[in-house]
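I opened my notebook to look through this structure piece by piece. These are my entries, in the order I made them.

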Amino acid sequence: MPKKKQKEFQSPKGMRDLLPQDWGFWYKLIKTGEDLAQDYGFQKIETPILEDADLFVRGTGATTDIVSKQMYFVKTAGGANLALRPEGTPGVVRAYMENGMASLPQPIKLFYYGPMFRYEQPQAGRWRQLYQFGLEVFGDSGAVLDAQIIQFCFHLFRSVGLKKINIHINSLGCPQCRPSYRKALLDYYRHRKDKVCPDCKRRIKENPLRLLDCKEEKCQPIKAQAPAMVDHLCDECRKHFKEVLEFLDELEIPYFLNSSLVRGLDYYTKTIFEIFWDGEDAPQIALGGGGRYDNLVKELGGRPTPAVGVGLGLDRIVDLMKKEQVKISVGPNFKVFLVQLGAMGKKKGLKLFEKLHQAGILAAESMSRDSIKAQMKLADKYGVKFALILGQQEALDNTVIIRDMQSGVQETVPQDKVVDELKKRFKK
Ligand code: HAM
């Protein structure tokens, strides 16, 4: 009987391995984000990757693409209906309510990062397992916080070497003023129903605000003339939006007022924004987006609590960092190379490695190699100033040879003096 060919495993469609050669970019981005978030007064939160599926149905919105088309559902053996989180906000809202954060002094400022899952058609910059860095602020309705979130994004992009970003901003109003805008938009589109694409015909019935999101060529002239939400804002929403823009002006953060920006999630009120790359041949791919969601906590069962936040697409930002050849430090900055020979040298070598590490002297090594030639070649490659050689004799005498890699001069020193000796030499 012919032998059955063994199945070759591959990562699931739209998901990939983040490999060591790219880790420098990821590390720089996450570390910069984490440090900056803490400098801005945010605290880290980590929520489960799985949540009750209804949290997203009620939070993100049942008719959004994210929930109606892109969610991964998991039925547990116990019968619970969970979903792999498609975005971070509803989980953080749940955590805020569940852990009594509403009774702490407000605002509560939280940050997080991690994988999200969306069953989308994969393409450049679009993954089914994507990574986001997010900020959420609860318990403060001030426009200054909307501006601070945008300021954070602006600052973060600059800090990782990406200067050419474009911030699109709009206001979606609130439940008081949005219905009158929706009506104006519907009146406008109903008269032009025959001229729009089939998707827009559907949007007229199901979700009029998404009409503004249409990318079809033939709908563009109609969209350009459509009524704008900013002209329909109530006094409070207009004042809030004006204040956000004034803060951005004060911070000298450039922005673009985009009256067709609507965002694809249901919970937003007032300010919404999206961040795009402004480089040459840049496709209109959003690097991040966010806004205010003053009703979500209440809608999910909490007390009325204003909130604002952002989600940044780490995959897309890393792609750009690579494209723009952002400088990253590759790996640790090794100061010495530890060469060991023979069984005794290896044993003592491990101990010495630990001692050097404790003293803050980063040592490269290759414990799996036995030949001195191969190890010296590596020491050369790492470009370290000194090699420490620990052979059978040195192991017995409790000594180690310090070799100056440039001059080739060697000196034998007691093992318990090697840290001091090295520090002296580094000072010179
Ligand atoms: P979002 O606009 O759905 O917002 O996603 C934020 C960012 O995640 C996008 O701008 C994009 O950079 C990235 N992203 C989304 N889908 C994909 C994908 N399939 N592949 C790669 N990157 C992707 C949110 O998720 C909200 N939770 C943001 C927020 C937080 N609003 C308030 N607080």
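**Entry 1: the model and its domains**

I noted at the start that this is a predicted model. I looked up how the protein is divided. Domain 1 takes in 20-177 + 233-323. Domain 2 covers 336-423. I then checked how far apart they sit. The C-alpha centres of domain 1 and domain 2 are 49 Å apart.

**Entry 2: around the ligand**

Which residues are closest to the ligand? I found Glu 87, Glu 120, Glu 136, Arg 263 and Tyr 268. They belong to a shell of 25 residues around the ligand. I sorted that shell by type and got 9 nonpolar, 9 polar and 7 charged residues.

Next I looked at single contacts. Glu 87 came up again here: an N or O atom of the Glu 87 side chain is 2.5 Å from a nitrogen atom of the ligand. Ala 286 takes part through its backbone, with a polar atom 2.8 Å from an oxygen atom of the ligand.

How much of the ligand's accessible area does the protein cover? I read 96% of the 650 Å² that the ligand has on its own.

I also asked which elements give two or more residues to the shell. They are strand S6 (129-138), strand S10 (286-292) and strand S11 (307-313). S10 gives the largest share, with 5 residues.

I turned to the sheets. In general, the strands of a sheet pair through backbone hydrogen bonds, either parallel or antiparallel. I traced an open sheet of 5 strands in the order S13-S12-S14-S15-S16, and its pairing is mixed. Why do strand S13 and strand S16 each have one side left without a neighbour in the sheet? S13 (363-365) and S16 (410-414) stand at the edges with a single partner strand each, so one side of each stays without a neighbour in the sheet. From one strand to the next, the twist averages 30 degrees.

I looked inside this sheet at one pair. Strand S12 (residues 336-340) and strand S14 (residues 386-390) run parallel, and 5 bridges join them. As an example, I followed Leu 338 to its bridge partner in S14, which is Leu 388.

**Entry 3: the three-stranded sheet**

I found another open sheet, with 3 strands in the order S2-S4-S3 and antiparallel pairing. Its edge strands are S2 (50-52) and S3 (72-75), and each pairs on one side only. Here the twist averages 40 degrees from one strand to the next.

How many bridges join S3 to strand S4? I counted 4, with S4 at residues 81-84 and the two strands running antiparallel. Val 74 has Leu 82 as its bridge partner in S4.

**Entry 4: two loops**

I finished with the backbone in two loops. Gln 106 and Pro 107 are joined by a cis peptide bond, with omega at about 0 degrees. I placed Pro 107 in the loop between helix H4 (89-98) and strand S5 (108-117).

My last stop was Glu 252. Its phi is near 55 degrees, a positive value in a residue other than glycine. Where is Glu 252? I located Glu 252 in the loop between helix H9 (235-250) and strand S8 (256-257).

Technical notes
Residues numbered from 1 in each chain as written. Predicted model: local features only at pLDDT ≥ 70, side-chain atom pairs only at ≥ 80, totals over all residues. Heavy atoms only, no water. Domains from an automatic or database assignment. Near = heavy atom within 4 Å. Polar contact = N/O pair within 3.5 Å; in protein donor to acceptor, adjacent residues only side chain to side chain. Areas by Shrake-Rupley, 256 points an atom, 1.4 Å probe, with all protein chains shown as cover. Nonpolar A, V, L, I, M, F, W, Y, C, P; charged D, E, K, R; others polar. Pairing = 2+ DSSP bridges. Axes fitted to C-alpha atoms, helices over the stretch in contact; angles between N-to-C directions.
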